[in-house]
Amino acid sequence: MRSSIAGVIAVALMAAACGSDNKPTSTGSSSADVRGQTITLVTHDSFAVSDAVLKEFSARTGITVNVVKGGDAGAMLNQAILTKDHPQGDVLYGIDNTLLSKGIDAGLFESYTSPELGSLDNAFDVDRDHRVMPVDESDVCLNFDKRSQAPAGLDDLKTPAFKDKLVVENPATSSTGLAFLLATVAKYGENGYIEYWKAVKANGLKVDDGWDQAYNNDFTLGSGGTGTRTVVASYATSPPADVVYADPPKTTTDVGVVDDACFKQIEFVGVLKGTAKTAAAHAFVDFMLSKAFQEDMPLNMFVYPVRKDAALPYAFTTYSAKPAHTVDLSQDQIRAKREQWIDDWTAAVLG
(Lines give C-alpha, C1' and ligand atoms only; values in the text may rest on other atoms or scores of the structure.)
Protein backbone atom coordinates (compact mmCIF):
# COMPACT_ATOMS: atom_id res chain seq x y z
CA MET A 1 0.00 0.00 0.00
CA ARG A 2 1.22 3.47 -0.77
CA SER A 3 0.64 6.41 1.54
CA SER A 4 -1.22 9.59 0.57
CA ILE A 5 1.69 11.87 1.51
CA ALA A 6 3.36 13.41 -1.55
CA GLY A 7 6.40 15.52 -2.35
CA VAL A 8 9.89 15.74 -0.94
CA ILE A 9 9.92 15.81 2.86
CA ALA A 10 12.92 16.13 5.13
CA VAL A 11 12.40 15.24 8.75
CA ALA A 12 14.87 14.67 11.54
CA LEU A 13 14.63 11.21 13.03
CA MET A 14 16.75 9.73 15.76
CA ALA A 15 17.98 6.29 14.76
CA ALA A 16 19.34 3.23 16.51
CA ALA A 17 20.46 -0.25 15.67
CA CYS A 18 17.90 -2.10 17.78
CA GLY A 19 18.15 -5.46 16.04
CA SER A 20 16.35 -8.58 17.02
CA ASP A 21 16.21 -8.90 20.80
CA ASN A 22 17.93 -5.49 20.89
CA LYS A 23 21.33 -7.06 20.23
CA PRO A 24 24.15 -4.78 19.04
CA THR A 25 24.91 -4.83 15.34
CA SER A 26 28.20 -5.90 13.82
CA THR A 27 28.94 -2.73 11.92
CA GLY A 28 32.66 -2.91 12.63
CA SER A 29 32.43 0.22 14.74
CA SER A 30 31.43 0.87 18.32
CA SER A 31 28.27 2.80 19.12
CA ALA A 32 30.44 5.73 20.21
CA ASP A 33 31.75 6.03 16.65
CA VAL A 34 28.30 6.78 15.23
CA ARG A 35 26.72 8.77 18.04
CA GLY A 36 25.95 12.28 16.91
CA GLN A 37 26.24 11.47 13.21
CA THR A 38 23.54 12.45 10.68
CA ILE A 39 22.72 10.21 7.75
CA THR A 40 20.18 10.68 4.95
CA LEU A 41 17.63 8.06 3.97
CA VAL A 42 16.42 8.38 0.37
CA THR A 43 12.98 6.79 0.06
CA HIS A 44 9.54 6.95 -1.53
CA ASP A 45 6.52 8.82 -0.26
CA SER A 46 5.13 5.78 1.56
CA PHE A 47 7.90 5.44 4.12
CA ALA A 48 6.46 5.69 7.63
CA VAL A 49 7.35 4.52 11.11
CA SER A 50 5.71 5.10 14.50
CA ASP A 51 7.12 7.76 16.80
CA ALA A 52 7.46 5.28 19.67
CA VAL A 53 9.64 2.98 17.57
CA LEU A 54 11.83 5.89 16.52
CA LYS A 55 12.21 6.99 20.13
CA GLU A 56 13.52 3.55 21.01
CA PHE A 57 15.71 3.76 17.96
CA SER A 58 17.14 7.13 19.04
CA ALA A 59 17.74 5.99 22.60
CA ARG A 60 20.21 3.36 21.38
CA THR A 61 22.51 5.25 19.01
CA GLY A 62 21.86 8.97 18.73
CA ILE A 63 22.18 8.86 14.93
CA THR A 64 20.07 11.54 13.29
CA VAL A 65 18.42 10.37 10.07
CA ASN A 66 17.28 12.95 7.55
CA VAL A 67 14.48 11.34 5.52
CA VAL A 68 14.13 12.61 1.94
CA LYS A 69 11.00 11.41 0.17
CA GLY A 70 11.15 11.55 -3.61
CA GLY A 71 7.75 10.52 -4.98
CA ASP A 72 6.91 7.03 -6.17
CA ALA A 73 9.63 4.38 -6.13
CA GLY A 74 10.24 4.72 -9.86
CA ALA A 75 10.80 8.47 -9.68
CA MET A 76 12.92 8.07 -6.53
CA LEU A 77 15.19 5.52 -8.20
CA ASN A 78 15.57 7.54 -11.38
CA GLN A 79 16.71 10.53 -9.32
CA ALA A 80 19.13 8.37 -7.33
CA ILE A 81 20.71 7.12 -10.55
CA LEU A 82 20.98 10.62 -12.00
CA THR A 83 22.77 11.83 -8.85
CA LYS A 84 24.85 8.71 -8.10
CA ASP A 85 28.16 10.53 -8.60
CA HIS A 86 27.04 12.99 -5.94
CA PRO A 87 24.53 10.87 -3.98
CA GLN A 88 21.67 12.51 -2.13
CA GLY A 89 22.01 10.23 0.84
CA ASP A 90 23.56 7.26 2.62
CA VAL A 91 20.79 4.65 2.54
CA LEU A 92 18.04 3.99 -0.02
CA TYR A 93 14.81 2.18 0.85
CA GLY A 94 11.93 1.33 -1.48
CA ILE A 95 13.57 -0.09 -4.59
CA ASP A 96 11.52 -3.18 -5.47
CA ASN A 97 12.00 -6.33 -7.52
CA THR A 98 10.58 -4.69 -10.66
CA LEU A 99 13.38 -2.09 -10.56
CA LEU A 100 16.09 -3.92 -8.62
CA SER A 101 18.30 -4.83 -11.59
CA LYS A 102 18.18 -1.21 -12.77
CA GLY A 103 19.59 0.03 -9.46
CA ILE A 104 22.17 -2.73 -9.21
CA ASP A 105 23.33 -2.29 -12.82
CA ALA A 106 23.73 1.43 -12.14
CA GLY A 107 26.13 0.59 -9.29
CA LEU A 108 24.12 2.38 -6.61
CA PHE A 109 24.85 0.11 -3.65
CA GLU A 110 27.64 -1.15 -1.43
CA SER A 111 27.40 -4.75 -0.24
CA TYR A 112 26.45 -5.28 3.40
CA THR A 113 25.25 -8.44 5.16
CA SER A 114 23.20 -7.51 8.20
CA PRO A 115 23.36 -9.72 11.32
CA GLU A 116 19.55 -9.63 11.16
CA LEU A 117 19.51 -11.49 7.83
CA GLY A 118 19.16 -14.92 9.42
CA SER A 119 15.82 -13.87 10.91
CA LEU A 120 14.34 -13.05 7.49
CA ASP A 121 12.42 -15.34 5.15
CA ASN A 122 15.08 -16.59 2.76
CA ALA A 123 12.59 -16.60 -0.13
CA PHE A 124 12.81 -12.82 -0.36
CA ASP A 125 16.61 -12.59 -0.21
CA VAL A 126 17.05 -12.39 -3.98
CA ASP A 127 20.37 -10.52 -4.12
CA ARG A 128 22.91 -13.00 -2.82
CA ASP A 129 25.67 -10.35 -2.97
CA HIS A 130 23.61 -8.33 -0.48
CA ARG A 131 23.89 -5.02 -2.20
CA VAL A 132 20.31 -4.79 -0.99
CA MET A 133 18.32 -6.76 1.56
CA PRO A 134 14.55 -7.35 1.70
CA VAL A 135 12.39 -5.30 4.05
CA ASP A 136 8.78 -6.05 3.08
CA GLU A 137 6.55 -7.81 0.58
CA SER A 138 3.04 -7.34 -0.79
CA ASP A 139 0.90 -8.41 -3.75
CA VAL A 140 -0.05 -5.99 -6.52
CA CYS A 141 -3.58 -6.92 -7.54
CA LEU A 142 -6.67 -5.29 -9.01
CA ASN A 143 -8.88 -3.78 -6.32
CA PHE A 144 -12.59 -3.11 -6.84
CA ASP A 145 -15.40 -1.34 -5.07
CA LYS A 146 -17.67 -4.04 -3.63
CA ARG A 147 -20.64 -1.70 -4.00
CA SER A 148 -20.25 -2.05 -7.77
CA GLN A 149 -19.87 -4.99 -10.15
CA ALA A 150 -16.91 -7.23 -9.39
CA PRO A 151 -14.56 -8.27 -12.20
CA ALA A 152 -13.89 -12.01 -12.19
CA GLY A 153 -10.46 -11.45 -13.72
CA LEU A 154 -8.36 -9.21 -15.91
CA ASP A 155 -10.26 -10.16 -19.07
CA ASP A 156 -13.46 -8.61 -17.71
CA LEU A 157 -11.85 -5.18 -17.96
CA LYS A 158 -12.17 -5.43 -21.76
CA THR A 159 -15.96 -5.84 -21.63
CA PRO A 160 -18.69 -3.15 -21.90
CA ALA A 161 -19.67 -3.70 -18.25
CA PHE A 162 -16.36 -2.12 -17.21
CA LYS A 163 -16.13 0.71 -19.73
CA ASP A 164 -14.53 3.76 -18.08
CA LYS A 165 -14.13 1.83 -14.81
CA LEU A 166 -10.39 1.02 -14.67
CA VAL A 167 -7.55 3.27 -13.51
CA VAL A 168 -3.89 2.15 -13.41
CA GLU A 169 -0.50 3.73 -12.76
CA ASN A 170 2.06 4.57 -15.45
CA PRO A 171 4.76 1.86 -15.34
CA ALA A 172 7.39 4.39 -16.40
CA THR A 173 6.89 6.39 -13.19
CA SER A 174 5.22 4.04 -10.71
CA SER A 175 6.48 0.77 -9.25
CA THR A 176 2.86 -0.29 -8.70
CA GLY A 177 2.11 0.37 -12.35
CA LEU A 178 5.24 -1.49 -13.42
CA ALA A 179 4.32 -4.49 -11.26
CA PHE A 180 0.87 -4.58 -12.86
CA LEU A 181 2.39 -4.31 -16.34
CA LEU A 182 4.70 -7.23 -15.54
CA ALA A 183 1.68 -9.18 -14.30
CA THR A 184 0.05 -8.79 -17.71
CA VAL A 185 3.27 -9.88 -19.45
CA ALA A 186 3.38 -12.97 -17.25
CA LYS A 187 -0.32 -13.74 -17.82
CA TYR A 188 -0.66 -13.06 -21.56
CA GLY A 189 2.92 -13.55 -22.73
CA GLU A 190 5.07 -11.25 -24.83
CA ASN A 191 2.88 -11.89 -27.85
CA GLY A 192 -0.37 -11.08 -26.07
CA TYR A 193 0.07 -8.44 -23.38
CA ILE A 194 0.03 -5.43 -25.74
CA GLU A 195 -3.21 -6.61 -27.32
CA TYR A 196 -4.69 -6.78 -23.82
CA TRP A 197 -3.63 -3.22 -23.11
CA LYS A 198 -4.99 -1.97 -26.43
CA ALA A 199 -8.32 -3.55 -25.56
CA VAL A 200 -8.58 -1.96 -22.11
CA LYS A 201 -7.47 1.38 -23.56
CA ALA A 202 -10.31 1.18 -26.06
CA ASN A 203 -12.62 0.45 -23.14
CA GLY A 204 -11.87 3.74 -21.39
CA LEU A 205 -8.69 3.06 -19.40
CA LYS A 206 -7.35 5.95 -17.30
CA VAL A 207 -3.63 6.21 -16.52
CA ASP A 208 -2.18 8.21 -13.61
CA ASP A 209 1.45 8.92 -12.77
CA GLY A 210 1.38 7.24 -9.37
CA TRP A 211 -0.54 5.15 -6.86
CA ASP A 212 -1.67 8.07 -4.73
CA GLN A 213 -3.49 9.79 -7.58
CA ALA A 214 -4.98 6.56 -8.90
CA TYR A 215 -6.21 5.19 -5.57
CA ASN A 216 -7.01 8.28 -3.54
CA ASN A 217 -8.29 10.56 -6.29
CA ASP A 218 -9.75 8.37 -9.05
CA PHE A 219 -10.85 5.17 -7.26
CA THR A 220 -14.39 5.39 -5.86
CA LEU A 221 -13.18 4.36 -2.40
CA GLY A 222 -10.22 6.75 -2.32
CA SER A 223 -9.76 9.35 0.37
CA GLY A 224 -10.51 12.16 -2.07
CA GLY A 225 -14.15 11.09 -2.18
CA THR A 226 -14.68 12.16 -5.80
CA GLY A 227 -13.35 9.16 -7.75
CA THR A 228 -15.43 7.58 -10.49
CA ARG A 229 -13.31 4.48 -11.25
CA THR A 230 -14.49 1.29 -9.54
CA VAL A 231 -11.37 -0.78 -10.35
CA VAL A 232 -7.77 0.20 -9.62
CA ALA A 233 -4.34 -1.42 -9.76
CA SER A 234 -3.36 -1.52 -6.08
CA TYR A 235 -2.58 -4.08 -3.36
CA ALA A 236 -4.04 -7.11 -1.63
CA THR A 237 -3.51 -5.16 1.60
CA SER A 238 -5.94 -2.40 0.60
CA PRO A 239 -8.84 -3.98 2.59
CA PRO A 240 -7.21 -3.56 6.03
CA ALA A 241 -6.29 0.01 5.15
CA ASP A 242 -9.91 0.64 4.19
CA VAL A 243 -11.00 -0.48 7.66
CA VAL A 244 -8.19 1.14 9.67
CA TYR A 245 -8.68 4.57 8.08
CA ALA A 246 -12.49 4.44 7.96
CA ASP A 247 -14.28 7.52 9.29
CA PRO A 248 -16.74 6.73 10.75
CA PRO A 249 -15.28 3.40 11.92
CA LYS A 250 -16.43 0.17 10.29
CA THR A 251 -15.79 -3.55 10.76
CA THR A 252 -16.17 -4.70 7.16
CA THR A 253 -14.32 -3.55 4.06
CA ASP A 254 -15.77 -2.25 0.82
CA VAL A 255 -12.53 -3.03 -1.05
CA GLY A 256 -12.43 -6.30 -2.94
CA VAL A 257 -9.32 -7.98 -4.37
CA VAL A 258 -9.30 -9.76 -7.73
CA ASP A 259 -7.33 -12.97 -7.34
CA ASP A 260 -6.04 -13.04 -10.92
CA ALA A 261 -2.49 -12.28 -12.07
CA CYS A 262 -1.35 -10.74 -8.78
CA PHE A 263 2.35 -9.87 -8.81
CA LYS A 264 4.57 -10.36 -5.74
CA GLN A 265 6.34 -7.09 -4.96
CA ILE A 266 9.38 -7.08 -2.64
CA GLU A 267 10.96 -3.87 -1.37
CA PHE A 268 14.62 -3.59 -0.41
CA VAL A 269 17.02 -1.37 1.49
CA GLY A 270 20.65 -0.76 0.57
CA VAL A 271 23.64 1.36 1.56
CA LEU A 272 24.40 3.90 -1.16
CA LYS A 273 27.87 3.65 -2.62
CA GLY A 274 30.13 6.50 -1.60
CA THR A 275 28.74 7.12 1.87
CA ALA A 276 31.29 8.36 4.36
CA LYS A 277 29.11 7.13 7.22
CA THR A 278 29.16 3.39 6.62
CA ALA A 279 28.73 2.26 10.24
CA ALA A 280 25.75 4.55 10.80
CA ALA A 281 24.21 3.43 7.51
CA HIS A 282 24.63 -0.21 8.55
CA ALA A 283 22.96 0.55 11.87
CA PHE A 284 19.94 2.00 10.10
CA VAL A 285 19.66 -1.00 7.78
CA ASP A 286 19.79 -3.29 10.83
CA PHE A 287 17.00 -1.26 12.38
CA MET A 288 14.75 -1.72 9.34
CA LEU A 289 15.24 -5.49 9.62
CA SER A 290 14.72 -5.57 13.37
CA LYS A 291 11.61 -7.07 14.95
CA ALA A 292 10.55 -3.68 16.30
CA PHE A 293 10.48 -2.05 12.86
CA GLN A 294 9.10 -5.12 11.08
CA GLU A 295 6.13 -5.38 13.44
CA ASP A 296 5.53 -1.64 13.24
CA MET A 297 5.49 -1.61 9.43
CA PRO A 298 2.15 -3.24 8.50
CA LEU A 299 -0.14 -0.54 9.88
CA ASN A 300 2.15 2.27 8.68
CA MET A 301 2.91 1.17 5.13
CA PHE A 302 0.39 -1.68 4.68
CA VAL A 303 2.94 -4.24 3.60
CA TYR A 304 3.94 -7.59 5.06
CA PRO A 305 7.17 -7.98 7.07
CA VAL A 306 9.76 -10.39 5.74
CA ARG A 307 11.02 -11.24 9.22
CA LYS A 308 9.93 -14.76 10.20
CA ASP A 309 9.17 -13.97 13.85
CA ALA A 310 7.28 -10.73 13.22
CA ALA A 311 3.69 -10.83 14.45
CA LEU A 312 0.91 -9.43 12.25
CA PRO A 313 -1.70 -6.97 13.54
CA TYR A 314 -5.38 -7.91 13.80
CA ALA A 315 -6.33 -5.83 10.77
CA PHE A 316 -4.00 -7.89 8.59
CA THR A 317 -5.02 -11.30 9.90
CA THR A 318 -8.70 -10.36 9.60
CA TYR A 319 -9.07 -8.28 6.44
CA SER A 320 -6.01 -8.67 4.22
CA ALA A 321 -6.35 -10.87 1.13
CA LYS A 322 -3.66 -13.41 0.32
CA PRO A 323 -3.90 -14.43 -3.35
CA ALA A 324 -3.91 -18.17 -3.88
CA HIS A 325 -1.63 -17.79 -6.89
CA THR A 326 0.73 -15.06 -8.03
CA VAL A 327 2.47 -14.58 -11.37
CA ASP A 328 6.19 -14.05 -11.57
CA LEU A 329 9.03 -13.13 -13.87
CA SER A 330 12.69 -13.78 -13.12
CA GLN A 331 15.16 -10.98 -12.45
CA ASP A 332 16.94 -11.99 -15.66
CA GLN A 333 13.73 -11.57 -17.65
CA ILE A 334 12.97 -8.23 -16.06
CA ARG A 335 16.52 -6.97 -16.57
CA ALA A 336 16.52 -7.98 -20.24
CA LYS A 337 13.05 -6.76 -21.22
CA ARG A 338 11.79 -4.17 -18.69
CA GLU A 339 12.61 -1.06 -20.74
CA GLN A 340 11.28 -2.62 -23.96
CA TRP A 341 8.03 -3.60 -22.25
CA ILE A 342 7.63 -0.09 -20.84
CA ASP A 343 8.37 1.51 -24.22
CA ASP A 344 5.96 -0.80 -26.04
CA TRP A 345 3.28 -0.15 -23.42
CA THR A 346 3.83 3.61 -23.70
CA ALA A 347 3.47 3.52 -27.48
CA ALA A 348 0.32 1.39 -27.32
CA VAL A 349 -1.44 3.09 -24.40
CA LEU A 350 -0.21 6.69 -24.31
CA GLY A 351 0.88 7.13 -27.92
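Here are some questions and answers about this predicted model.

Reader: Hello! How many helices and strands does the protein chain have?

Reader: What radius of gyration does the protein chain have, and what would a compact globule have?
Author: The chain has 351 residues, and a compact globule with that number would have a radius of gyration near 20 Å. The value for the protein chain agrees with this, because it is 20 Å.

Reader: What does the C-alpha trace span along its principal axes?
Author: The spans are given along the principal axes of the protein chain. They come to about 65 × 45 × 35 Å.

Reader: What percentage of the residues is buried?
Author: A residue counts as buried when its relative accessible area is under 20%. Among the 351 residues of the protein chain, the buried ones make up 56%.

Reader: Which residues touch the most other members of the largest nonpolar core?
Author: That core holds 94 residues. The ones that touch the most other members are F47, L181, W197, F284, F287, M288 and F293.

Reader: Which residues does W197 touch, not counting residues up to four places away in sequence?
Author: W197 belongs to the largest nonpolar core. Leaving out residues up to four places away in sequence, W197 touches V168, F180, L181, T184, L205, W345 and V349.

Reader: Is V168 buried or exposed?
Author: V168 sits in strand β7, residues 166–169. From there V168 is in contact with residues including F180, W197 and A233. Its relative accessible area is 1%, and the limit for burial is under 20%, so V168 is buried.

Reader: How many Å separate the C-alpha atoms of V168 and L54?
Author: These two residues are 114 residues apart along the chain. Their C-alpha atoms are separated by 34 Å.

Reader: Is K102 buried, partly exposed or exposed?
Author: K102 is found in helix α4, residues 100–105. Its contacts beyond four places in sequence include L77, R338 and E339. With a relative accessible area of 23%, K102 lies between the limits of 20% and 50%, so K102 is partly exposed.

Reader: Where is the cis peptide bond that involves P248?
Author: Most peptide bonds are trans. P248 lies in the loop between α8 (238–244) and β10 (255–272). The cis bond, with omega near 10°, runs from D247 to P248.

Reader: Where does F302 lie, and what is its relative accessibility?
Author: F302 has a positive phi of about 55° although it is not a glycine. F302 lies in the loop between α11 (298–301) and β11 (304–305). F302 counts as buried, with a relative accessibility of 2%.

Reader: How far apart do the centres of the positive and negative side chains lie?
Author: The protein chain has 31 positive and 45 negative side chains. The centres of the two sets lie 1 Å apart.

How values were computed:
Residues numbered from 1 in each chain as written. Predicted model: local features only at pLDDT ≥ 70, side-chain atom pairs only at ≥ 80, totals over all residues. Heavy atoms only, no water. Rg over C-alpha atoms; globule rule 2.2 N^0.38 Å. Buried < 20%, exposed > 50% of the residue type's maximum accessible area, 1.4 Å probe, protein only. Lys, Arg positive; Asp, Glu negative; His and termini not counted. Charge placed at Lys NZ, Arg CZ, Asp CG, Glu CD. Core = buried A, V, L, I, M, F, W, Y, C linked by side-chain atoms within 4.5 Å. Contact = heavy atoms within 4.5 Å. Helix = DSSP H or I, 4+ residues; strand = E, 2+ residues; numbered from the N terminus.
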